[in-house]
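What follows is a walk through one structure, from a single residue to the whole chain and then to some local details. Please keep the sequence and the 3D view at hand.

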Amino acid sequence: SALYVLPPGFVESSCRSRIFWMKLNKLLLQGKFFQLEIYDPYSGPVLLDENLASRCGYVLSEDVWGNPVFRASVLGCHVANEADELFSLTVNIKVSSFSSMRAAVTYTYPMYCSYASWASREIVCEENYMEVSVKTDVPAVSNDYTVAWMSALPETQNVAYQQWQLMFVSPSGRKRITVSDAVKLGYSFNNTLSRVYLRAPYHSNESDVSVVSGVNMNMVTSTSMYRQRWLLLLIDTTVSCPVDGISFTDTTLTWTVPRVIPTLVVQESTFLSKSIVMGVDDQVIVNPEEMSYSLEHNETHIRIIIPIGAEGGKLESSISGGVYGVIYSIDLFLEHTWTDAGWQTTKYTVIKSITTPFMPQIPTVINNTVPEERLFNVAFGHFLPDVSLVAIAIGNVPFTLREAQHHGFRIYETPFSNGTKAFILEVSFDDPYVLKEYVNRNETKYTLLVNYTLSVGPEMTLYYHSAEVECVIADIEIPEAVGDCDEENLYLTLPTFGLHQYWDLYLGNKLLNRHLALTNGYLAATNSTHLILQIPLFAGGIIYEQVSFQKIKARFDVALRKVRTMETLWMFSVSCSFNSSAFIICHPDGTIMISAQMKTVPAIDMSKTKLRDSSCKPREYNEAHAFFKFHVTTCGTSVRFEGDHIIYENEISYEKETLPGQNTPTITRDPDYRLTVLCYYQAKETLVLGAFSSDPATSSPFGSGTMVPHSNTAAYRRVRQALNVVSRVSKDESFMEFYEPSMAILKRPMEPVFLEVELKDKSPSVELYLENCWAATSPDFNSTPRWNITVDGQVVLNVQCTH
């Protein structure tokens, strides 16, 4: 392949801690494939592989940013050495668009390093090898000066190497081997003009692991021996390097290296630290605290503490098991220089690339909505810059970002001072994809369902997160009704906004609709804003609070109930007083009230009127009226059935005054007075009765032409009925003593309830059937919770009934 000129900025190199340091720019590689060749002037280019790298003192890896990094010891196999002061190494960089490396472009890159200030002993702990070099003056391995440094295959120098032997001491015992045999085991041994060095792989058969101050150390204990005629030279080439010592918290990583390594310090009492420096990548950090780093040391340890996310490292987003998190990486080195009696000066260098485990960072959804603006403002974060929002779904409807902006959603990023960011989403309450639900009295709950799709990290992994944001706002106006009366009707006027959308109107327990209005004689008129309800005085559903022949106090209650839950939200009551000269009122409970008017000539004494049962006299009377009040089962009232109706009939008559005669009295001045009274009831109407009636003291106040609302007050429910049915709860199974109607009853679980339901009507055509019966916590028939006693006539609780 041809040689080409390096593109500007493609390669950076430096010389640090007697190590060649070369970095390639990944952006200029642009996804292409590359290989490195070490150039040997004698044997040509040698392809860099793992075995060659660990034996010859080379490292090929990546920095935290993904840029390829090549490091080489100045004592490496192919490095040209001039007097142990000037060093040079040439590397070929081959770049190809194909993994097979065909049609590769080759760039030749020479590196130079000067290093004159050698310590007596220097140890380098690299990622893939350990290296120790010792200052000494011994004969060179070969008479051929250059071949001693440049040979890629030291075994070719067997004749010379036979003068050196290595003694390894390991748990398996002592092993004495030649240099050429050591090379076959992955070691590299040689000597320069003034030094001897041994390079060893980690975890070889001759190595041992020991724990020093809590840190695992990989150690090769060796002695290098040179023998030639009368000369015997023994050199301690023991090397020991840390293989762990990394610990993490949620906020920091800590790298711990022993301060004193016993196998490297023979006389610990003479040990003295001279300098401890740290570095990131290939740069020494002079003032670690300025970058929030911490370099600490005591009698036993040296510690480097790095905050997660600190400058110099890389914080990267990642996905693990569908969970978002971050990983932090940083490339560190440590240089510790010490002196001791045995070795004068030792320079100990450790290079360490550290990556934290995956740290989950569950994103948070922050609701910054201001309800008055009727606009959802939702922040989703915090994320690193390598995260981007690619799509959202609102209410399970997917949108690309372009579609979302076009629809009217606003999406933008907001940065934070710590380098993270959040994604802001703004959606109007009134958007059709926002869920709306009427809640409470006058509030709407707006619910925004969001599904985020994010692209995470350099791998652009898709990450999904769903959120549900709610906002409840009082934006529904509760209708304010107005009540009024005229001489014959009661009126209720209320706004129609929200009716049937949120609420329904109920009269008693019946939905106020067109059918109910027609059946009961109500009139309902609507315009664009209001409903006007007219209810005649004597129509069904009217509650008569006070009735006499002088005045009627009448009331009707309209309940405002939620459409779905039937919960009573508001009660509108219209109560008025009426003057009526003649009327008949057939009460739902079978009570009949009549105001009879005197219309005869000559006038009669209304106090002497009576019903069929002559003992039933008027309760009140004056010259013009008589007022009767009785039950359909008394006063001689008769009953008959016509179609679907029961008709109760009685008669008001006048006892004529007669003049005494000789035989039977037959002479009278009084006219005939007979008034037939008829009350019609639906025969098949369901009878709904409460065991306890509501306390009269809580009934609504009344006044002429007034409307009284009651919030969340349930009306006592009555349905027009023909039968006189009474229900009571007995204190025991004897059914002799009964609880008072307004008394609350406390029963324990499994304790029986004795319930009596009595039909007082004596008609042979009527029978009592107890269909549904339940207990509740209030008189409202729709109140919850409720406990069924009988369902469809079947007893479901421990209840004894008497009919």
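**A walk through the model**

Asp504 is found in strand β42, which covers residues 503-507. Strands here are DSSP runs of E with at least two residues, and helices are runs of H or I with at least four, both numbered from the N terminus. The model is a predicted one: local features need pLDDT of at least 70, side-chain atom pairs count only at pLDDT 80 or more, and totals for chains, interfaces and linings use all residues. Residues are numbered from 1 along each chain as its sequence is written, and side-chain values use heavy atoms, with hydrogens and water left out.

Asp504 is buried but has no salt bridge. Buried means under 20% relative accessible area, exposed means over 50%, and partly exposed lies in between (1.4 Å probe, protein chains only). A salt bridge needs a side-chain nitrogen of Lys or Arg within 4 Å of a carboxyl oxygen of Asp or Glu. For Asp504, the nearest side chain of opposite charge is that of Arg561, 9.3 Å away; Lys and Arg count as positive, Asp and Glu as negative, and His and the chain ends are not counted. Leaving aside residues up to four places away in sequence, Asp504 touches Leu511, Ala559, Leu560, Arg561 and Val563, where contact means heavy atoms within 4.5 Å.

Now to the whole protein chain. Its secondary structure comes to seven helices and 65 strands. Of its 803 residues, 47% count as buried. Among contacts between residues at least 6 apart in sequence, 62% join residues at least 24 apart.

Some local details concern the backbone. Most residues other than glycine have a negative phi, and most peptide bonds are trans. The peptide bond from Gly381 to His382 is cis, with omega near 0°, and His382 is found in strand β32 (residues 375-383).

Two residues other than glycine have a positive phi: Gln30, near 50°, and Asp84, near 55°. Gln30 sits in the loop between α1 (26-29) and β4 (33-40), while Asp84 lies in the loop between β8 (80-82) and β9 (86-96). Are these residues buried or exposed? Gln30 counts as exposed because its relative accessible area is 61%, whereas Asp84 counts as buried because its relative accessibility is 3%.

Finally, Asp486 lies in the loop between β40 (482-485) and β41 (489-495). Asp486 is partly exposed, with a relative accessible area of 33%.
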